[in-house]
Amino acid sequence: MSEVIVVTSGKGGVGKTTTSANVGTGLAMLNKKVVLIDTDIGLRNLDVVMGLENRIVYNLVDVVEGNCRMKQALIKDKRYDNLFLLPSAQTRDKSAVSPEQMKKLTDELREEYDYIILDCPAGIEQGFKNAISGADRALIVTTPEVSAIRDADRIIGLLEANGIHKIDLIINRIRMDLVRRGDMMSNDDVIEILAVSLIGAVPDDENIVIASNQGEPLVGNSSAAGQAYMNIVRRVLGEEVPYLDLDSGSGFFSRLLKRMGLN
Amino acid sequence: MKQSVMIKGNTYGITVVLDPELPFSQLKEEVAAKFQESSGFFKNARMALAFEGKELDSAEQMEMVSAITANSSIQVLCVVDSDKEKEEIFRSKAEMVQSAEYNPGLFYKGTLRGGQVVESENNIVILGDVNPGGKVIAKGSIIVLGALKGNAYAGISGNEKAFVAALDMAAMQIRIGDTIARCEDGREGNEDPVPKIAFVENGNIYVETICKEVLNDINFA
C-alpha cells in the first residue's frame with residue numbers, strides 16, 4: 001500500500017522543503033521505497049537541500065510533457081538506494097502542469113514506491129492545486145507565529161474541501177525559552193487554534209541551517225531537530241512514539257503527553 | 001330602532017352584518033342604500049368583504065357584491081367566508097404546508113476556517129470554532145458553540161433583533177442588521193473565555209456576558 005503525502009503550509013519559509021527532505025530521507029532510512037517530488041515549478045530547491053542539484057538532467061515538466069521517461073528523470077539519492085528525487089523545472093512556471101497530469105504522475109509512481117512525498121509551493125494557487133491533486137494525506141508545516149497559523153488554517157480548509165481529511169500538523173522552529181517566557185505560542189496554543197492532530201514539533205536548531213547548506217538532511221542524527229524529524233517519520237509510519245522533551249522543565253511537555261493520551 | 005344591515009370595519013376589510021329575519025331582496029336594497037350613504041367615507045378603498053348574520057349562497061353573494069360596487073366606488077378584493085368548517089380545513093392545510101417549509105436554521109459541525117463561509121436564510125449554529133477569516137452569515141441569529149474569532153453577520157436583511165452568541169466571543173467583526181462593531185485593536189483572544197451575547201440596542205451593538213438578567217432583557221423576533 002503506497003501513500004502519497006503532500007507537505008504544505010500556505011505561508012512561505014516555514015520549512016516545507018526541509019521537512020520534505022527529512023521526512024523522505026527518514027522513510028528511506030527505515031527501508032521504505034521513497035520518491036520525493038518537488039512541485040515548486042520555477043523555484044526549485046528540494047534538489048539543493050538534498051544535495052542532488054548537480055545530477056539533474058530531466059525534470060517534472062519533461063516527464064509530464066513526454067520528453068523523457070519517468071525512470072530517466074528520477075535521481076537516485078547519494079546515500080540511500082531506495083530514495084529518489086523528481087526535481088522541478090527551473091525555467092517554466094506552475095501552469096506547465098495541470099492537476100490531472102499530477103494525479104496521473106503520482107498514480108504511476110504508486111505502483112513502484114511505498115511513499116511519494118510532494119513538496120508543495122507556498123500559496124494556494126495553481127502550484128498548490130497541482131500538488132494536492134494526487135495526495136492521500138497532508139503534513140501541514142507551521143511555525144508558532146500568527147501569520148503562519150492563519151495560512152495553515154486556510155490551507156486545512158482547502159484540503160478538506162478537496163477531500164483530503166488525513167491531515168497532521170508539524171510545528172516547526174519552536175523555541176522553548178520563548179514559549180516559557182510567554183513570548184511564543186506553545187504547541188497547545190497552536191493545536192487549539194488549528195484543531196488538527198499534531199504529528200511532531202521540531203525545535204529551532206542551527207544544525208538545520210548547516211545541514212541544508214551542505215545538502216545533507218539531518219534526520220536521525222543526534223541533534224534535537226534530527227531526533228524530532230525521526231520521530232515524525234516513525235509516526236508517519238503509524239508507530240506510537242513519545243514526544244521529545246523539548247522543555248527540560250515541566251509543564252508543557254506533561255500537558256502535551258496528557259493531551260496525546262500517552263501519559 | 002334595530003338596524004337590518006350593519007357595517008363593521010377593520011384594517012383589512014369590512015364585515016356586513018345582515019339581519020337573518022329579513023328576506024334577501026330587502027337586505028340587498030338596504031345594503032345598497034347603506035353603501036350609497038357611506039360612499040363618501042369609503043371613497044375608492046380596496047378591501048376584503050365578509051357577510052355575517054345570514055347565510056348567503058354564491059349567487060346571493062355575487063348580487064350583494066355588485067349592489068355594493070354599483071352604489072359606491074369600493075373595490076372588493078375578495079369575499080371572506082365565515083364558514084367555520086371550511087375555515088378549519090383551510091387552516092390545517094395551510095399549516096401542513098408551512099410546517100414542511102418551516103426550517104429553523106442550519107447546523108455546521110467542525111472548525112470554520114479562514115476563507116470559509118456558512119450562510120443561511122435562517123439561524124445558524126456552529127458546533128466548533130470560527131477561525132479568523134471565517135464568516136458566518138445569517139438572516140436570523142448566530143450561535144457559536146466554540147470560539148468566534150472570525151466574522152459573524154446576523155440579521156443581514158436588516159433584522160436588528162437578531163443576536164450573536166458564542167462560548168468564547170473574540171469576533172473580529174460583528175454585524176447585526178445594519179449595525180457593525182469590530183473588535184478593539186490589538187486584542188488577542190480571551191484568557192478565560194465566558195459565554196457572551198451580542199445584540200443591538202439604540203443603534204449600538206452591545207456584547208454582554210450571558211446571564212439571566214441579560215437574557216431576560218433581550219427581545220428577539
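In which sense, right-handed or left-handed, does α7(A) pass α9(A)? Hold that thought while we set the ground rules. What you see is a predicted model, where local features need pLDDT of at least 70, side-chain atom pairs count only at pLDDT 80 or more, and totals for chains, interfaces and linings use all residues. Residues are numbered from 1 along each chain as its sequence is written, with chains lettered from A and ligands numbered from 1 in the order in which they are written.

Back to the crossing: α7(A) goes past α9(A) in the right-handed sense, meaning that the near helix is turned clockwise from the far one by less than a right angle. Helices here are DSSP runs of H or I with at least four residues, strands are runs of E with at least two, and both are numbered from the N terminus. Helix α7 covers residues 146-161 of chain A and helix α9 residues 187-194; their axes come within 10 Å and cross at roughly 40°. Those axes are lines fitted to C-alpha atoms over the stretch in contact, with angles running from 0 to 180 degrees between N-to-C directions. On the α7(A) side the contact uses A:Ile149, A:Ala152, A:Asp153 and A:Ile156, and α9(A) brings A:Val190, A:Ile193 and A:Leu194. Contact means C-beta atoms, placed from the backbone, within 7 Å.

Next, follow helix α1 (residues 16-29) of chain A. Its 14 residues should span 20 Å at 1.5 Å a residue, and the end C-alpha atoms agree, being 20 Å apart; the expected span is 1.5 Å times one less than the number of residues. In α1(A), 13 of the 14 residues are buried, that is, with 20 or more other C-beta atoms within 10 Å of their own, all placed from the backbone (12 or fewer is exposed, in between partly exposed). Just after this helix, A:Asn31 has a positive phi of about 65°.

Helix α11 (residues 224-236) of chain A ties in here. Its buried residues pack against α1, β7 (166-174), β8 (197-203) and α10 (206-214) of chain A. A:Val236 lies in this helix and counts as buried because 22 other C-beta atoms sit within 10 Å. A:Val236 touches A:Val23, A:Leu27 and A:Ile199, leaving out residues up to four places away in sequence. A:Ile199 is 37 residues from A:Val236 in sequence, with 7.7 Å between their C-alpha atoms. After α11(A) comes A:Gly238, with a positive phi near 100°.

Now for the strands, which pair if DSSP finds at least two bridges between them. Strand β4 (residues 83-86) of chain A is covered on both faces: A:Leu83 and A:Leu85 are buried on one side, A:Phe84 and A:Leu86 on the other. Strand β2 (residues 34-38) of chain A pairs with β4(A) in the parallel sense over 4 bridges, and A:Val35 stands opposite A:Phe84. Strand β3 (residues 75-76) of chain A runs antiparallel to β4(A), joined by 2 bridges. A:Phe84 is also the bridge partner of A:Lys76, and β3(A) and β4(A) make a hairpin with 6 residues between them.

Finally, chain B has 5 helices and 15 strands, and buried residues make up 27% of its 221 residues. Its contact with chain A takes 9 residues from chain B and 7 residues from chain A.

Methods: Contact = placed C-beta atoms within 7 Å.
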